[in-house]
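Me: I would like to go through the labels given to some residues here and see what each one rests on. Please set each value against its cut-off.

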Amino acid sequence: MAATTGTVRVPLSGLKTGNSLRDSHTKGALSTGEFPNATFKLDRLTGGRLTDGQTLALATTASGTLTVRGVSIPVSVPV
């Protein structure tokens with residue numbers, strides 16, 4: 001799985017929380033006019049082992065770079 005890569009772009013202008021005032025404040029805080037997308041660039045998947053539960057699931061960690069408002073940080077999340 002180390003050769004797995006990809007990019008996910010989320011258009012922030014479509015952000016809807018169910019509260020229009022919160023939506024407006026969040027879009028302002030995220031500067032959606034200047035930075036319309038949040039982006040996650042997947043660099044690698046690690047783990048890939050089966051875990052027990054009610055059904056078998058694959059325990060994997062996705063690692064890459066998250067960019068919001070022009071600021072990029074490395075992140076690793078279980079998937």
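This is a predicted model: local features need pLDDT of at least 70, side-chain atom pairs count only at pLDDT 80 or more; totals for chains, interfaces and linings use all residues.

Me: Why is Asp43 called partly exposed?

Reply: Its relative accessible area is 31%. Buried means under 20% and exposed means over 50%, so Asp43 falls in between and is partly exposed.

Me: What makes Lys41 and Asp43 a salt bridge?

Reply: The closest N and O atoms of Lys41 and Asp43 are 3.1 Å apart. The cut-off between a side-chain nitrogen of Lys or Arg and a carboxyl oxygen of Asp or Glu is 4 Å, so the pair qualifies as a salt bridge. Lys41 is partly exposed as well, with a relative accessible area of 43%.

Me: How many salt bridges does this rule give?

Reply: The count is 1 salt bridge.

Me: Why does Ser63 count as buried?

Reply: Ser63 has 5% relative accessibility. Buried means under 20%, so Ser63 is buried. Ser63 is located in strand β3, residues 57-68.

Me: Which residues is Ser63 in contact with, leaving aside neighbours within four places in sequence?

Reply: Ser63 is in contact with Phe40, Lys41, Leu42, Asp43, Arg44, Val75 and Ser76. Both partners of the salt bridge, Lys41 and Asp43, are among those contacts.

Me: What makes the link between the side chains of Ser63 and Ser76 a polar contact?

Reply: The distance is 2.8 Å. The limit for a pair of N or O atoms is 3.5 Å, so this pair is within it.

Me: Why is Val71 called exposed?

Reply: Val71 has a relative accessible area of 51%. Exposed means over 50%, so Val71 is exposed. Val71 belongs to strand β4, residues 71-78. Together with Leu66 and Ile73, Val71 forms a nonpolar surface patch with about 230 Å² of accessible area.

Me: Why does Arg69 count as partly exposed?

Reply: Arg69 has 42% relative accessibility. That value is between the 20% and 50% limits, so Arg69 is partly exposed. Arg69 sits in the loop between β3 and β4. Its phi is near 60°, a positive value in a residue other than glycine.

Me: Where is Ser31 found, and what is its phi?

Reply: Ser31 is in the loop between α1 and β2. Its phi is near 50°, again positive in a residue other than glycine.

Me: At the start of helix α1, what does a side-chain oxygen of Asn19 reach?

Reply: That oxygen comes to within 3.1 Å of the backbone nitrogen of Leu21.

Key
Residues are numbered from 1 along each chain as its sequence is written. Side-chain values use heavy atoms; hydrogens and water are left out. A polar contact is a pair of N or O atoms within 3.5 Å; within protein, one must be able to donate a hydrogen and the other to accept it, and residues adjacent in sequence count only if both atoms are side-chain atoms. Helices (H or I, at least four residues) and strands (E, at least two) are DSSP runs, numbered from the N terminus. Patches are made of residues with over 30% relative accessible area and no salt bridge: like charges are joined within 9 Å, nonpolar side chains (Val, Leu, Ile, Met, Phe, Trp, Tyr) within 5 Å. Accessible areas come from the Shrake-Rupley method with a 1.4 Å probe; for residues, only the protein chains shown count as cover. Buried means under 20% relative accessible area, exposed over 50%, partly exposed in between (1.4 Å probe, protein chains only). Contact means heavy atoms within 4.5 Å.
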